[in-house]
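Please look through the sequence and the structure shown below before reading on.

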Amino acid sequence: MYEHSGSHLADADTVRPADDPAAPNGSALPAHSPFRRAVLRRVLPAVAAAGVGAAGIAGASNGTARAASLRPDAAAAGFPTWGTRWVVHASADLNSPSVGVINTSAPGQDRITADYQVETGHKVCEGTACSTFMAHITGPVTGFLTVVAVDIPQDRLPGIPVHSGGPPQPGGSRQEMLHRAATWLTADKGSPVPYSQVRVWKDGYRQDCSGYASMALGLPAPGTNTVDLATNRTLTRPLSLGELTPGDLLIDAAGDSDNRHVVIFEKWNNAAHSSYTAYEQRGGHGTDHRTLTYGLPGGDAEFKPYRPVQFGD
């Protein structure tokens, strides 16, 4: 039996009903009031967004009125939010997958921190308030949030750099992927997300290895399976071990669902490339961040390296 086969219970061929609540569909946009003007306004029941119709709306505001103002305790990169169940997206596109939800039970329950914002060219409006900006937020989850969700009078975040699109530096998408992978290490009240082939975590992703990798990559929830990650050329392409870069995958797609496995490469541990550090979701433990040798000489030869095509290299 291979080293990984008895501990990870790698893949789920079918998805059965989950015990944990799932986040809304990643393409959804909630119907909340941004209160962009310093006047009282009733929250409207829908959001008009370019390219987003009624089927793309999820969640509801509490229907109350509120005055618009930037709260005096807001830090330079920290802002209050409004409404409930705002979807945080994988990219600066309202149709990209969900990576989390903020204000899950009460308006303004979460504050966001942002390091830059993107001019998307697609206007999101509610009432007379509109914005074409999506903020790249680093907390309470990492991803992109429409600025309509932020409780400020402006149509963009004051004092936050504006970028024409995408991350502000090369390789940012890889770092965002690794950051998302790391969130599951402590997501269960400070503990790793438990492993399961049938349950779905609070962000909507299946709690097995391929669901975890799908979450990190920002693929649609509840996630694809390990075989698809290895064979679907719209998702990955093969590469050599020497080409491995942070965010690449090592995949064993052979066997059944109790033997297949995928891990997320983070870094080589030494110049000899005799081991590496990776993120994985494994049976009997849950989310882990540890040294591995899968796919290396002397390690499990069933593992092959792959590069997510979304990185564009």
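This is a predicted model: local features need pLDDT of at least 70, side-chain atom pairs count only at pLDDT 80 or more; totals for chains, interfaces and linings use all residues.

Residues are numbered from 1 along each chain as its sequence is written, and side-chain values use heavy atoms, with hydrogens and water left out.

Six strands form an open sheet in the order E11-E16-E12-E13-E14-E15, with antiparallel pairing; strands (E, at least two residues) and helices (H or I, at least four) are DSSP runs numbered from the N terminus, and two strands pair if DSSP finds at least two bridges between them. Strand E11 (236-238) and strand E15 (286-292) stand at the edges with a single partner strand each, so one side of each is left without a neighbour in the sheet. From one strand to the next, the twist averages 35°. E11 pairs with strand E16 (residues 304-308) in the antiparallel sense over three bridges, and Arg237 stands opposite Arg307 in E16.

Across strand E12 (249-252), strand E13 (261-268), E14, E15 and E16 lies helix H2 (residues 209-217), which runs at about 50° to E13; axes are lines fitted to C-alpha atoms, for helices over the stretch in contact (heavy atoms within 4.5 Å), and angles run from 0 to 180 degrees between N-to-C directions.

Within strand E14 (residues 276-282) is Thr277, which is buried (under 20% relative accessible area, 1.4 Å probe, protein chains only), with a value of 9%. Leaving aside neighbours within four places in sequence, Thr277 is in contact with several residues, including Ile264, Phe265, His289 and Arg290.

Technical notes: Buried means under 20% relative accessible area, exposed over 50%, partly exposed in between (1.4 Å probe, protein chains only).
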